[in-house]
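Please consult the sequence and structure shown here.

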Amino acid sequence: MPGSRSCWTRCAEAGFAARGPYAAGVPAPYDEWMRLALAEARLALATGDVPVGAVVVAADGAVLGRGHNAREARSDPTAHAEVVAIREAAAGRGDWRLTGTSLVVTLEPCTMCAGATVLSRVDRLVYGAVDEKAGAVGSLWDVVRDGRLNHRLEVVGGVLAEDCAELLRDFFRDRRRPR
């Protein structure tokens, strides 16, 4: 049963828990960045969108782009949090190449978003909750580390995973309640 193992256990089994300074216990800004992404995710609730949020952060810690799911709000199937944040960061930078940045997202990216992350040349992907049904960073596929692609990136998974998962669980529980 998917809920019987913790997010950290699933991340460790997928090979994520041992990657990066976060897993090694060295202080890193990932929690702070994930809290920004969680704040973005909560903005999606106002439009009935699935609460997923993302931020693109420069090496100096400056936030270059923010996004939350807006598929319902925009009637746009590509308006996933990651794509929205990547577009904003690229526009602000005036360059589609986002080298030297980290994409921080509350849910493991889908194939579209993992592909956009690779194509935008992000250096690091930090995510919270594992997406066992559509995740493309180790759960179903591993797009971002596929050796056949021209760019691979560092992955740090499981950051504030329980907080991220709880927001999603609450959203779907509320949607299933009889009205």
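## Helix pairing

How do the axes of H3 and H7 cross? They come within 11 Å and cross at roughly 5°, with axes being lines fitted to C-alpha atoms, for helices over the stretch in contact, and angles running from 0 to 180 degrees between N-to-C directions. H3 and H7 are therefore roughly parallel to each other, a label for angles under 35 degrees. Helices (H or I, at least four residues) and strands (E, at least two) are DSSP runs, numbered from the N terminus.

Contact means heavy atoms within 4.5 Å. On the H3 side, Met34, Leu38, Ala41 and Arg42 meet Asp163, Cys164 and Leu167 of H7.

## Model and confidence

This is a predicted model, in which local features need pLDDT of at least 70 and side-chain atom pairs count only at pLDDT 80 or more, while totals for chains, interfaces and linings use all residues. Residues are numbered from 1 along each chain as its sequence is written, and side-chain values use heavy atoms, with hydrogens and water left out.

The average pLDDT (the predictor's confidence in each residue, from 0 to 100) is 88, and 84% of the residues score at least 70. Over residues 1–27 the pLDDT is below 50, and this stretch has 39 contacts in the model beyond near neighbours in sequence.

## Nonpolar core

A nonpolar core is a set of buried Ala, Val, Leu, Ile, Met, Phe, Trp, Tyr and Cys residues joined through side-chain atoms within 4.5 Å. The largest one holds 42 residues, of which Met34, Val104 and Val144 touch the most other members. Elements giving two or more residues to this core include helix H5 (81–93), strand S3 (101–107) and helix H6 (111–119). H3 gives the most, with six residues.

## Val57 in strand S1

Val57 lies in strand S1. At 0% relative accessibility, Val57 counts as buried (under 20% relative accessible area, with exposed over 50% and partly exposed in between; 1.4 Å probe, protein chains only). Val57 and Trp33 are 24 residues apart in sequence and 7.9 Å apart in space, C-alpha to C-alpha. Among the residues that Val57 touches, not counting those up to four places away in sequence, are Trp33, Ala62 and Val104.

## Cysteines

The structure holds zero disulfides, defined as pairs of cysteine sulfur atoms within 2.5 Å. Cys110 is in no disulfide, and the nearest cysteine sulfur, that of Cys113, is 3.7 Å away. Cys110 counts as buried at 18% relative accessibility, and Cys164 counts as buried at 2%.

Methods. Parallel < 35°, antiparallel > 145°, perpendicular 65-115°, else oblique.
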